[in-house]
Amino acid sequence: MTGSDGPHREPGSDFRPAGPASERAREEEERAVEQALALVGGSDRTGGSGRPGGRRSRSQDSQDSQDSQGPRDSQGHQDPRDSEGHQDPRDSEGHQDPRDSEGHQDPRDSQGHQDPRDENPNPGPSSDPHARPSRDPNPGPSSDPHVRRSSDSPSYDGPDNDPRDGRTTASATTASATAAGTTAATATAPAPGSERPPPPGRATPGDSAKPRPTTPPPSWNRARAVADRAGRGGPAATIRLPLDRALGHVLAEALGALTDLPSFDTSAMDGWAVAGPGPWAFEAGAGLLAGRGPAAALPDGTAVRIATGARVPPDTTAVIRSEHAQVDDARGLLHARRSVVTGQDIRPRGQECRSGEQLVPAGTVVTPVVLGLAAAAGYDALPVVPRPRVDVLVLGDELLHAGLPHDGLIRDALGPMLGPWLRALGAEVSGARRLGDDAGALRDALTSSDADLIVTTGGTAAGPVDHVHPVLDALGAELLVDGVAVRPGHPMLLARLSPDGPYLVGLPGNPLAAVSGLLTLAEPLLAGIAGRPAQDPYRALVHAEVHGHPHDTRLVPVVHRPGRAGGRDHVAPLRYNGPAMLRGIAAADGLAVVPPGGVRSGTEVEILDLPWAPATPWTEGCFT
C-alpha cells in the first residue's frame, strides 16, 4: 500500500530497502522533503496524491495532512515526533533546528563554519564587575530571520579571555520550540512565581527594546565615517569671541590680513641706517627708535642710528648691524667692516603678507600662535565655531563615587575620566550626572538636555536594567550606529534624539570599552560639530605579534619607542588591555588599530592619538 509516506510499515517495524548507504540517504532526504512539504501544504507529487496530476480532494488533503504531520495530543496540539518517535528537527516554518537530538547546539553555521564564540553556551555569571545580566533570561529563537537581540552577539573578545564588554552571554537557548503548533505566548511565558512588579520608574524586561535587525554591526571604519558625517551634517554656527577667549576654538572663517605686515619699512636689527656709498657721516644722538613717527629722508653719504622695529627713513640704502660697523667718533665717520648689500636687514612693507591675503584657513584650531598672528594682522575678535556642549550621564546602581569598593559595589572610573577627556577634544562639558539604573530619570535627562551631545556610560547591552535602548525607542530616536565590529566596546551606539535635537553616544560600562567608544564615535562626531578638518591616518610599525579578533577590529594600547642604530621608530603593545582595565592605556600614548585576524611583528598599523600625547612623527621625544 502506497501513500504520502511511501511503502506501508507495520507498527514497530523499521523497514529499509536493501542498497548502498547513498541510496538510503537519498530516501531519507526525500522523506524529509515530503514531511516539510506536508507542513506547508502538502506534496504536489503524483505518487502522493492518489489522483492523476497530483490533484487531491479536500478530505484527502485534510486526512493526509494530519497523517503526515504525525499524531496530536488530546487537545489537538501537534506532537513534534514522527510516527517512529523521532523529533522533527525543523520548526513550524520548516527551518532547521540547530540543536541535535539531545538538545546540544551545533557550533557550526549553515555553511559548516565553526562559531568563534566560547564552546560553553551558558557560561554563567560574568566575572566582569561591569557586566549585567541579559535583558531576557530565556530568549528563545526568533521566528523572524531578520530579528536579533543584542545579547545574541558573539561574546569572544580576544585570545586572552577578557571580560566581554560589560555584557553576559545569553543563557542557553530554550529547548527547541517544543511543538510546531505552540504559540509564541506559551514559548515566552515566565516561569510560575517569577513575576515581580518593577520598582517605580524602572523598565521591565518585557518593556525593553523592540527587536532590532540582524544585520551585522558596521565595521570600525564605517562607524567612524558615520559619526564624522553626522557631525558635519549641518552648517556650523558662528560666534565672535575676543582674542583672550578664543583659544582652543575652531575658526569658522578663513583669517585674512586686515593690513600689510609689516605695515611700513622697518629695521630688522639694531645698527645704522645708511644712504649711498660709504664712508658715511653721522651726527651724535639717540637716533631712530621704534614706535616713533616717520623720519626725514636720508641724504646720500649720511648715516643715522636706528633700533630694531623703527621706521626706516626714506631713501635708505641698507641697515648695517652695530657689530659690523666701525665708528670714528673723532672724525664723525662710519665705516663698514663688510660689504653692504642694498636692502640688507630691512623688512619691507608687506614682506609677510598684503592686506586681504589669507593667513590661515577655516577649520584651524586657535592656538596661542594663531592668536598672535591675528593680533598682528589687526584683529580684536575672531569668528569661531562654538565649542560643542556635552552632557555626561553615568548609569549604574553598582557604582560608588568615593571610598573603597565593598559589598558588590565598585568605584565609578568613567565619571572622573570622561569630562577631562572630552574637554581635551575641544568640548564644553557639564558636570557628570549620576542617574543609577533609573529609566525614568534617564528619559527626563535626555528630554531636558540642551547639549549638542549626550554621552551615557553603561546600559547599552541587553540586561534587565540596561535602559538605553528602550528609552531611545520610546523617544523615537534614530539609531545611526547600533553596535560596532570592534573589541573592546562592541555594544557602543550613536543615536539622534530628533532631527534638530542632540546626538547621543552610548558607551559600554567597562572603562577601556568606553575609551574605545570615545575614539570610535565621540571623537569624530565632536570634530565634525566643532568644524575641525578630518585628519589623515597616521601609521607606525608594531614590534610584536598582536592577536586579533576573528571578525572584528581590535584597539590595543601601545607606546612609541625610538628606533635604534638608525632603525625606524615603532610602537609596542602594552599589557592589561582587557575591556575593564585602564592600567594599560594609562601608560600608553596611542591605540593601535588591529585588523581582524591580528598582525605580525613589523606590520604597519594605524595609530589613534590620545589627546594629551599626539602620536605623530614630528613630536619625537614625547614618547620616551
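**View 1. Two aromatic pairs are counted in this predicted model.** Rings of Phe, Tyr and Trp (its six-membered ring) pair if their centres lie within 6.5 Å, with planes under 30 degrees apart called stacked, over 60 edge-to-face and the rest tilted. Trp-421 and Trp-612 make an edge-to-face pair, with 4.7 Å from centre to centre and 80° between the planes. This pair joins distant parts of the chain, 191 residues apart: Trp-421 belongs to helix α6 (residues 414–424), and Trp-612 to the segment after β32 (603–609). Helices (H or I, at least four residues) and strands (E, at least two) are DSSP runs, numbered from the N terminus. Trp-421 counts as buried because its relative accessibility is 4%.

**View 2. Helix α7 (residues 439–448) has a buried side.** Here, buried means under 20% relative accessible area, exposed over 50% and partly exposed in between (1.4 Å probe, protein chains only). Ala-439, Leu-442, Ala-445 and Leu-446 are the buried residues of α7. They share one side of α7 because they cover an arc of only 125° around the axis, taken from the directions from the helix axis to the C-beta atoms. Asp-444, Thr-447 and Ser-448 are exposed on the other side.

**View 3. Asp-438 caps the N-terminal end of α7.** One of its side-chain oxygens lies 3.0 Å from the backbone nitrogen of Gly-440.

Now for some notes on reading these views. Residues are numbered from 1 along each chain as its sequence is written, and side-chain values use heavy atoms, leaving out hydrogens and water. In this predicted model, local features need pLDDT of at least 70 and side-chain atom pairs count only at pLDDT 80 or more, while totals for chains, interfaces and linings use all residues.

Conventions:
Polar contact = N/O pair within 3.5 Å; in protein donor to acceptor, adjacent residues only side chain to side chain.
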